[in-house]
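I opened the notebook to look up a few things in this structure. My entries follow in the order in which I made them.

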Amino acid sequence: MDADLVIRNLHVSIGEKVILKGLNLEVNRGEVHAVMGPNGSGKSTLANALMGNPAYQVTEGEIWLKGQNVVGLAADQRARLGLFLAFQYPSAIPGVSVANFLRTALNARAAGQGEAGNGGRGGISMRDFRQQLKEGMEMLRMDPGVASRYVNDGFSGGEKKRLEILQMALLKPEIALLDEPDSGLDIDALRIVAEGVNRLVGPTLGLLVITHYQRILDYIKPGFVHILVDGRIALSGGPELALELEEKGYDWVRE
Ligand SMILES: Nc1ncnc2c1ncn2[C@@H]1O[C@H](COP(=O)(O)OP(=O)(O)OP(=O)(O)O)[C@@H](O)[C@H]1O
Ligand SMILES: [Mg+2]
């Protein structure tokens, strides 16, 4: 059977610039994959192209999500199919509170699941939402005041990263792409965020974690590590690959 996420011969351009040059990768629910690679190798491009960011043009290849080729589908349609992206650089949405943003996202997701035949019309009740929000924020040790602030507006780097994981906790995606969830986090925040992600890992979630450093992989243990160099997966292996990379750098992969 095909994997839940199948990426085949993916070519992606930004304007005239070709970034991904024939990338292949498969992710199943229940698996944790790490993608590492030098700055500018195309990791965020991969994440954005998978999510359907229109600035990233797929010029060749396929992206299959649970048996459906999603190239051409809008980001919100992909989200309804259970795909989620935690951004490397989350954007601020002035005027929209965190609570409103999350509730809207949850209702949109529930509507999508309804279309899939699970009921779920009217969306989530305020009571259930408040409860889930509270649990998520406690898990990530977030200040309760964050819920009424505008999304990412004036947030510290660490607060932004926690909000990304809070979204994931509430939306319960089937395939989650985390683009450097560890960047900008202090030592304690890294542990809290990683433990939060870990509690979401399980047989119903496939995880693709983009990172530069082994330290987050001490918490979120990948079964598979892939090294992206110049728009292609140059090398794949087990968790030992991340350790080897830490030791030797990227030159030996390029060779
Ligand atoms: N809007 C854009 N216009 C032109 N080039 C872009 C644009 N966005 C990204 N690029 C280029 O695409 C290449 C890949 O960028 P990408 O963000 O995918 O790298 P990355 O592997 O995520 O790097 P990092 O580890 O620094 O986050 C880089 O050379 C980058 O400059
Ligand atoms: Mg990046």
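Before sorting residues by class, I noted the terms: Ala, Val, Leu, Ile, Met, Phe, Trp, Tyr, Cys and Pro count as nonpolar, Asp, Glu, Lys and Arg as charged, and the others, Gly among them, as polar. I also noted that the model is predicted.

Entry on the ligand. I looked up what surrounds ligand 1 and found 13 residues. Asn39, Gly40, Lys43, Ser44 and Thr45 are the closest. Sorted by class, the shell around ligand 1 holds nine polar, two nonpolar and two charged residues. I then checked the elements: β2 (17–27) and α1 (43–51) each supply at least two residues of this shell. The most comes from α1, which gives three residues.

Entry on a helix pair. I looked up how helix α5 (residues 157–171) packs with helix α6 (residues 187–200), and the angle is about 10°, with the axes 10 Å apart. Angles under 35 degrees count as roughly parallel, and α5 and α6 are therefore roughly parallel to each other. On the α5 side I listed Gly158, Lys161, Arg162, Ile165, Met168 and Ala169; they meet Ala189, Val193, Gly196, Val197 and Leu200 in α6. The residues of this contact are seven nonpolar, two polar and two charged.

Entry on the whole protein. I found eight helices and twelve strands. The radius of gyration is 18 Å, close to the 18 Å that the globule rule gives for 255 residues, so the protein is as compact as a globular protein of that length. The C-alpha trace spans about 55 × 40 × 35 Å along its principal axes. Of the 255 residues, 38% count as buried.

Definitions and conventions. Residues are numbered from 1 along each chain as its sequence is written. Chains are lettered from A and ligands numbered from 1 in the order in which they are written. This is a predicted model: local features need pLDDT of at least 70, side-chain atom pairs count only at pLDDT 80 or more; totals for chains, interfaces and linings use all residues. Axes are lines fitted to C-alpha atoms, for helices over the stretch in contact, and angles run from 0 to 180 degrees between N-to-C directions. Helices (H or I, at least four residues) and strands (E, at least two) are DSSP runs, numbered from the N terminus. Angles under 35 degrees count as roughly parallel, over 145 as roughly antiparallel, 65 to 115 as roughly perpendicular and the rest as oblique. Two residues are in contact if their C-beta atoms, placed from the backbone, lie within 7 Å. A residue is near a molecule or strand if its C-beta atom, placed from the backbone, lies within 6 Å of it. The radius of gyration is taken over C-alpha atoms; the globule rule is 2.2 Å times the number of residues to the power 0.38. A residue is buried if 20 or more other C-beta atoms lie within 10 Å of its own, exposed if 12 or fewer, and partly exposed in between; C-beta atoms are placed from the backbone.
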